[in-house]
Amino acid sequence: MLAAKLVLINPAGRILLQLRSKKAKEGGKWSFFGGRVDDGETPKQAIMREIKEELNYDVDCFEILDKSHERIWFIIKTDKNISEFDLNDGDGFGFFDYDDAVKLDLTENTRMILERHFANSKVYI
């Protein structure tokens with residue numbers, strides 16, 4: 001089953017991560033927001049729905065960062081502060097710079113994307 005994930009970056013180059021609910025798959029680990037692509041949905045429709053559900057945030061202007069046979073990662077820059085998001089899924093969230101993010105207990109795929117795209121850059125977009 002295909003999953004869609006969103007990499008949100010603030011103007012300082014910090015990356016928004018979600019602490020997954022302990023009840024969820026890979027619970028207690030940090031990851032990007034997103035979820036499964038439902039039947040009849042495109043990955044873009046799925047990420048728009050997931051981000052609205054999880055953060056009450058409307059996204060519509062993003063590009064593909066990376067993809068595999070199981071996942072597609074989109075990227076978007078946001079000017080929102082952490083206090084402007086409504087966390088509706090997970091046990092916590094925050095903006096992290098790369099050096100702090102890689103010290104977290106990350107899901108394997110989140111670590112792969114961070115290392116592949118952010119290890120040599122403080123600001124991606």
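Strand E4 contributes three residues to the lining of the largest pocket, the most of any element. Strands, labelled E and at least two residues long, and helices, labelled H or I and at least four residues long, are DSSP runs numbered from the N terminus. The model is a predicted one, in which local features need pLDDT of at least 70 and side-chain atom pairs count only at pLDDT 80 or more, whereas totals for chains, interfaces and linings use all residues. Residues are numbered from 1 along each chain as its sequence is written, and side-chain values use heavy atoms, with hydrogens and water left out.

The largest pocket has a volume of about 420 Å³. Among its 19 lining residues, Ala 3, Lys 5, Arg 20, Lys 25 and Arg 71 are the closest to the centre. At least two lining residues come from each of strand E1 (3–9), strand E4 (33–36), strand E6 (71–77) and helix H3 (108–118). A pocket is defined on a 1 Å grid over the protein atoms alone, as an open set of points with protein on both sides within 12 Å along at least five of seven lines; a lining residue has an atom within 4 Å of a point. Grid points are joined across faces, edges and corners, and the volume is the space filled by probe spheres set on the points.

Arg 20 is located in the loop between strand E2 (15–19) and strand E3 (30–31). Arg 20 is buried but forms no salt bridge, and the nearest side chain of opposite charge, that of Glu 26, is 5.2 Å away. Here, buried denotes a relative accessible area under 20%, exposed over 50%, and partly exposed a value in between (1.4 Å probe, protein chains only). For charge, Lys and Arg count as positive and Asp and Glu as negative, while His and the chain ends are not counted. A salt bridge requires a side-chain nitrogen of Lys or Arg within 4 Å of a carboxyl oxygen of Asp or Glu. A polar atom of the Arg 20 side chain lies 2.8 Å from the backbone oxygen of Lys 25. Beyond residues up to four places away in sequence, Arg 20 touches several others, including Lys 5, Lys 29, Ser 31 and Thr 107; contact means heavy atoms within 4.5 Å.

Two of these partners were examined further. Ser 31 belongs to strand E3 and is buried because its relative accessible area is 2%. Lys 29, in the loop between E2 and E3, is partly exposed, with a relative accessible area of 27%. The C-alpha atoms of Lys 29 and Leu 19, ten residues apart along the chain, are separated by 5.7 Å.

Eight salt bridges are found in the whole structure. One of them joins the side chains of Asp 38 and Arg 49 (3.3 Å, N to O). This pair links distant parts of the chain, eleven residues apart, with Asp 38 in the loop between E4 and helix H1 (43–55) and Arg 49 in helix H1. Arg 49 also meets Glu 53 in a salt bridge (3.5 Å, N to O). Glu 53 and Arg 49 are four residues apart in helix H1, so about one helical turn separates them. Asp 38, Glu 41, Arg 49, Glu 50 and Glu 53 are linked in a network of salt bridges. A further salt bridge forms between Lys 52 and Asp 58, with the closest N and O atoms 3.4 Å apart; Lys 52 is partly exposed at 35%, and Asp 58 is exposed at 58%.

Definitions and conventions. Polar contact = N/O pair within 3.5 Å; in protein donor to acceptor, adjacent residues only side chain to side chain. 1 Å grid on protein atoms, 1.4 Å probe; cavity = no way out; pocket = protein on both sides within 12 Å on 5 of 7 lines; lining within 4 Å.
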